[in-house]
Amino acid sequence: MTKGPVSHSNDAELPFATSDGSDERSFFAEQAAKPTSLAKQANLPAPVGKEEHYHGHRERLRDRFRENGDTALADYELLELLLFRLIPRRDTKPIAKALLERFGSLAAVFGAPLPLLQEVKGIGEAVALDLKLMSTVAQRTLKSELRGKQVLSSWSSVIQYCHAAMAHETREQFRILFLDKRNALIADEVQGRGTVDHTPVYPREVVRRALELSATALILVHNHPSGDPTPSRADIDMTKMIVDTAKPLGITVHDHIIIGKDGHASLKGLRLI
């Protein structure tokens, strides 16, 4: 997608963390609670914090969302609206735009690893953890849609879940969806994690786990951190080995899905299994 320019606030910058490494949100709360010494001497109220400067903007965004839903807001505005809660005493528009500039999309922001999130100015460890928590909630929500349903009749939900869970991982993951005789989901497990372009997979271990779970069918899934979901020769050979190992035991491999950042590939759809 086209990346928008980063917007910079003209206001003086505030620090994001205290010298003892505490969370930036508690820091801002403490600063707002401390009146200046001059105000104390004059028996005047503490000065109003910077929040007032963008308070009206925040309310306008909330009103637009309340009245029209997400279609009324750009991606950076949705992210800004969320960051209001996480960083209450900071102008979050520049931070929202910086996140999208750095990672390219909302999905990539939530899928980014913690250390990379913290490289963006304004994102400390606590805020990065909150963003990852929201990502996990979204993944669990998608996964819950598969529970108790015939997976093969909910194929778009399977793809959405796998994409949310794996598309933005920086290392390869090999995941298996274990299905019962009705093709309903029994378990979803990550069987291995590897490097940027390789994950070791052992067909006998895959089949052994399927027997432990009394699964009668499998959907294999792994990601390509490069972003290109095109199956490699190794992907095809490994899939055929699992198919050949599982078939004599009455276990069917329905498909092997490869997830990339912008799409997916199905080995069954490509008639490679």
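Modeller: Among contacts (heavy atoms within 4.5 Å) in the chain between residues at least 6 apart in sequence, 61% join residues at least 24 apart. Keep in mind that this is a predicted model, where local features need pLDDT of at least 70, side-chain atom pairs count only at pLDDT 80 or more, and totals for chains, interfaces and linings use all residues. Residues are numbered from 1 along each chain as its sequence is written, and side-chain values use heavy atoms, with hydrogens and water left out.

Colleague: How many helices and strands does the chain have?
Modeller: The chain has 11 helices and five strands.

Colleague: OK, the largest nonpolar core. Which residues touch the most other members?
Modeller: Leu 79, Leu 83, Leu 99, Phe 103, Leu 117 and Ile 123 do, out of 20 residues in that core. A nonpolar core here is a set of buried Ala, Val, Leu, Ile, Met, Phe, Trp, Tyr and Cys residues joined through side-chain atoms within 4.5 Å.

Colleague: Which elements give two or more residues to this core?
Modeller: Helix 4 (75-86), helix 5 (93-103), helix 6 (106-111) and helix 8 (125-144). Helix 5 gives the most, with six residues.

Colleague: What is Leu 99 in contact with, leaving aside neighbours within four places in sequence?
Modeller: Leu 99 contacts Leu 79, Leu 83, Gly 104, Val 109, Leu 117, Val 120 and Ile 123. There's also a second, separate core of 17 residues, which includes Leu 146, Ile 159, Cys 162 and Ala 167.

Colleague: Back to helix 4. Is Leu 81 buried or exposed?
Modeller: Leu 81, which is in helix 4, is buried, with a relative accessible area of 16%. Not counting residues up to four places away in sequence, Leu 81 touches Leu 61, Arg 62, Phe 65 and Leu 73.

Colleague: Now helix 8. How far does it reach from its first C-alpha to its last?
Modeller: Helix 8 has 20 residues and reaches 28 Å, close to the 28 Å expected at 1.5 Å a residue. The expected span is 1.5 Å times one less than the number of residues.

Colleague: Which of its residues are buried?
Modeller: In helix 8, the buried ones are Ala 126, Val 127, Ala 128, Asp 130, Leu 131, Ser 135 and Lys 143. Ala 138 is in helix 8 too, but it counts as partly exposed at 41% relative accessibility.

Colleague: Switching to strands. How many residues of strand 1 are buried?
Modeller: Seven of seven in strand 1 (residues 173-179), so to speak mostly covered. Gln 173, Arg 175, Leu 177 and Leu 179 point one way and Phe 174, Ile 176 and Phe 178 the other, and all are buried.

Colleague: What joins strand 1 to strand 2?
Modeller: Seven bridges, and strand 1 and strand 2 (residues 185-193) run antiparallel. Strands pair if DSSP finds at least two bridges between them. These two form a hairpin with five residues between them, and Asn 183 in the turn has a positive phi of about 65 degrees.

Colleague: And strand 3?
Modeller: Six bridges join strand 1 to strand 3, running antiparallel, with Leu 177 opposite Ile 219 in strand 3. Strand 3 (residues 217-223) is also joined to strand 4 by seven bridges, and that pair runs parallel.

Colleague: Why is strand 4 described as largely enclosed?
Modeller: Because eight of the nine residues of strand 4 (residues 252-260) are buried, the rest of the structure largely encloses it.

Conventions
Buried means under 20% relative accessible area, exposed over 50%, partly exposed in between (1.4 Å probe, protein chains only). Helices (H or I, at least four residues) and strands (E, at least two) are DSSP runs, numbered from the N terminus.
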